[in-house]
Amino acid sequence: KTAADGKRQEIIVLDSKRSNAINIGLTVLPPPRTIKTAILNFDEYALNKEGIEKILTMIPTEEEKQKIQEAQLANPDVPLGSAEQFLLTLSSISELSARLQLWAFKMDYEIVEKEVAEPLLDLKEGMDQLEHNKTLGFILSTLLAIGNFLNGTNAKAFELSYLEKVPEVKDTVHKQSLLHHVCTMVVEKFPDSTDLYSEIGAITRSAKVCPVGKDIYPSLKQKMSEFLKDCAERIIILKIVHRRIINRFHSFLLFMGHPPYAIREVNINKFCKIISEFALEYRTTRERVLQQKQKRANHRERNKTRGKMITDV
């Protein structure tokens with residue numbers, strides 16, 4: 001069908017909603033005559049990421065393409081409407097959707113690679129931080145000793161998920177948390193110990209990112225350009241790094257006393273979150289313990305001088 005526009009007639013086959021959406025989209029895109037060439041040449045100067053995503057929403061269906069072509073054949077002397085002409089141009093580009101998705105992937109690759117690589121590096125660094133952290137060793141050994149004493153057992157280790165409960169368990173006399181008692185003992189027995197939290201930044205970062213899973217690498221099935229060949233090589237390297245770090249994490253869990261049969265079930269992010277949140281609680285409690293210790297020391301000093309003349313002190 002045709003629609004009159006003053007003296008000009010155009011072939012309009014799209015419904016008004018679809019037509020308006022396309023015409024609005026065209027206002028933020030380069031001139032339609034340049035878009036086909038830009039897509040075929042992957043010209044990033046002509047089309048940016050937002051433009052590609054916009055065009056992906058405009059890709060014509062087979063039905064739309066057929067209707068436009070039939071209307072054009074029936075009215076060869078009448079020009080197509082702007083939306084119809086644009087869809088017809090898009091439909092002339094072979095494998096349009098695949099091209100655009102590939103192009104978007106190309107633009108995003110550096111960011112995606114960074115998003116995958118950085119958490120892996122943080123996890124690796126975090127394991128090193130925990131493995132060589134003396135304060136964590138002091139805390140865990142103290143907790144284990146307390147647990148064995150209270151339960152009358154001789155356990156060699158305990159599940160790290162127990163750390164979540166340590167700040168909540170309180171004694172019945174002074175109503176102080178188990179964490180407070182552990183912290184007091186560690187500070188007294190190991191004066192060179194630290195607040196722990198400030199030394200495990202990589203673990204805290206690992207607790208905040210999306211899970212490092214298995215399906216993090218895009219599958220690329222088509223023949224690739226030089227860019228995709230380079231990507232493929234980098235993805236292969238990244239997969240090797242991923243596998244090695246996950247294997248290292250499993251070995252680290254064994255080092256931490258985790259039972260071998262349950263290692264593959266451990267969620268990395270949850271593990272890091274437990275350690276990080278416990279460390280934060282420990283730091284807060286340690287500050288209070290040190291303040292109380294200083295107050296007692298000051299009180300003892302005041303008692304020593306109480307009742308004495310200034311000249312005697």
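Me: I am looking at Phe271; is this residue buried or exposed?

Reply: Good place to begin! Keep in mind that this is a predicted model. To judge burial, look at the relative accessible area: under 20% counts as buried. Phe271 has a value of 7%, so this residue is buried.

Me: And how does Phe252 count, as buried or exposed?

Reply: Apply the cut-off again. Phe252 has 1% relative accessibility, so Phe252 is buried too. For the protein chain as a whole, 37% of the 313 residues are buried.

Me: How many aromatic pairs are there?

Reply: Ring pairs are found from the distance between ring centres, and the angle between the planes then gives the type, with over 60 degrees read as edge-to-face. Here the count is seven aromatic pairs. Take Phe252 and Phe271: their ring centres lie 6.1 Å apart and their planes stand at 90 degrees, so this pair is edge-to-face.

Me: Which residues do ring pairs link into a cluster?

Reply: Follow the pairs from ring to ring. The cluster made this way consists of Phe249, Phe252, Phe255 and Phe271.

Me: Which residues touch the most other members of the largest nonpolar core?

Reply: Think of a nonpolar core as a set of buried residues joined through their side chains. The largest one has 43 residues, and Leu163 and Phe271 touch the most other members. Helices H6 (96-131), H7 (134-151), H8 (178-189), H10 and H11 each supply at least two of its residues. The biggest share comes from H11, which gives nine residues.

Me: Why does this core lie between domain 2 and domain 3?

Reply: Look at where its residues come from. Domain 2 (133-209) and domain 3 (267-312) both contribute to the core, so it lies between them.

Me: What does Leu163 touch?

Reply: Leaving aside residues up to four places away in sequence, Leu163 touches Leu140, Leu143, Phe158, Ile274, Ile275 and Phe278. There is also another core, apart from the largest one, with 26 residues, including Leu14, Ile22, Leu96 and Leu100.

Note on methods:
Residues numbered from 1 in each chain as written. Predicted model: local features only at pLDDT ≥ 70, side-chain atom pairs only at ≥ 80, totals over all residues. Heavy atoms only, no water. Buried < 20%, exposed > 50% of the residue type's maximum accessible area, 1.4 Å probe, protein only. Phe/Tyr/Trp six-rings, centres within 6.5 Å; stacked < 30°, edge-to-face > 60°. Core = buried A, V, L, I, M, F, W, Y, C linked by side-chain atoms within 4.5 Å. Helix = DSSP H or I, 4+ residues; strand = E, 2+ residues; numbered from the N terminus. Domains from an automatic or database assignment. Contact = heavy atoms within 4.5 Å.
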